[in-house]
Amino acid sequence: RVDSFLEKPISSLAWDPMGYHLLLSCAEAGSMLQLGLARTPSENNPSQNTRGRVVLLKSDRVLVLHPSPLSDSTPELWEEVMLPMAYMRRNYPLRYVAVSENGCFMAACGQRAVVVYTFATRKWRLFGDDTMGCPTRVLAGPQWIDNMVVVLPEAPASGPQSCAQLTFYSRLSTERGVPLFREPL
């Protein structure tokens with residue numbers, strides 16, 4: 001379908017607001033095509049570090065290039081890491097990602113909550129769930145400091161304006177969604 005669409009002259013194109021899709025219009029055929037793309041996380045999270053892994057974001061997943069563990073003759077492996085559907089329903093699209101210093105964990109943020117992926121077990125863990133009465137949005141993050149994930153969500157305010165607050169979550173915490181510490185800015 002893409003090949004036949006691209007055989008005709010493209011009359012216009014546009015990026016979606018988050019840069020995950022390119023919309024193409026063909027006036028001659030009277031149709032549109034949406035191409036899903038991957039982008040670098042450094043666009044929205046310039047200080048993130050991927051710790052030797054190449055990481056690309058799509059709107060609902062992360063593409064991770066794992067270095068070859070053996071030799072130069074062994075090919076590197078792309079892993080497509082899907083975010084949990086229950087998380088993406090409330091937090092679409094994916095906005096930020098960072099890999100821990102030891103390269104064993106990856107933290108990701110959509111609109112509100114933070115999820116942490118363990119590469120060894122291939123499981124996600126949710127932090128800061130927005131269903132817990134916290135209708136805030138993530139402004140920046142995540143970043144790793146040892147075993148903590150730091151994000152900058154917008155805090156609900158008592159007045160007409162909201163404020164940002166640094167929020168620290170422990171990867172080791174057993175209490176889901178409960179931050180270790182919050183500091184208003």
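How many salt bridges does the count come to? By the rule used here, a side-chain nitrogen of Lys or Arg within 4 Å of a carboxyl oxygen of Asp or Glu, the count comes to 3.

Before going through them, some notes on the model. This is a predicted model, where local features need pLDDT of at least 70 and side-chain atom pairs count only at pLDDT 80 or more, while totals for chains, interfaces and linings use all residues. Residues are numbered from 1 along each chain as its sequence is written, and side-chain values use heavy atoms, with hydrogens and water left out.

The chain has 2 helices and 14 strands; these are DSSP runs, helices being H or I with at least four residues and strands E with at least two, numbered from the N terminus.

Now the salt bridges. R61 pairs with D60 at 2.9 Å, N to O, and with E80 at 2.7 Å. R61 lies in strand β5 and E80 in strand β6, so this pair ties together parts 19 residues apart in sequence. R61 counts as buried at 19% relative accessibility, and E80 as partly exposed at 46%. Buried means under 20% relative accessible area, exposed over 50%, and partly exposed in between, with a 1.4 Å probe and protein chains only.

R122 forms a salt bridge with E79, the closest N and O atoms being 3.5 Å apart. R122 is in the loop between β9 and β10, and E79 is in β6, so the pair ties together parts 43 residues apart in sequence. R122 counts as exposed at 55%, whereas E79 is buried at 10%. Through shared partners, D60, R61 and E80 form one network.
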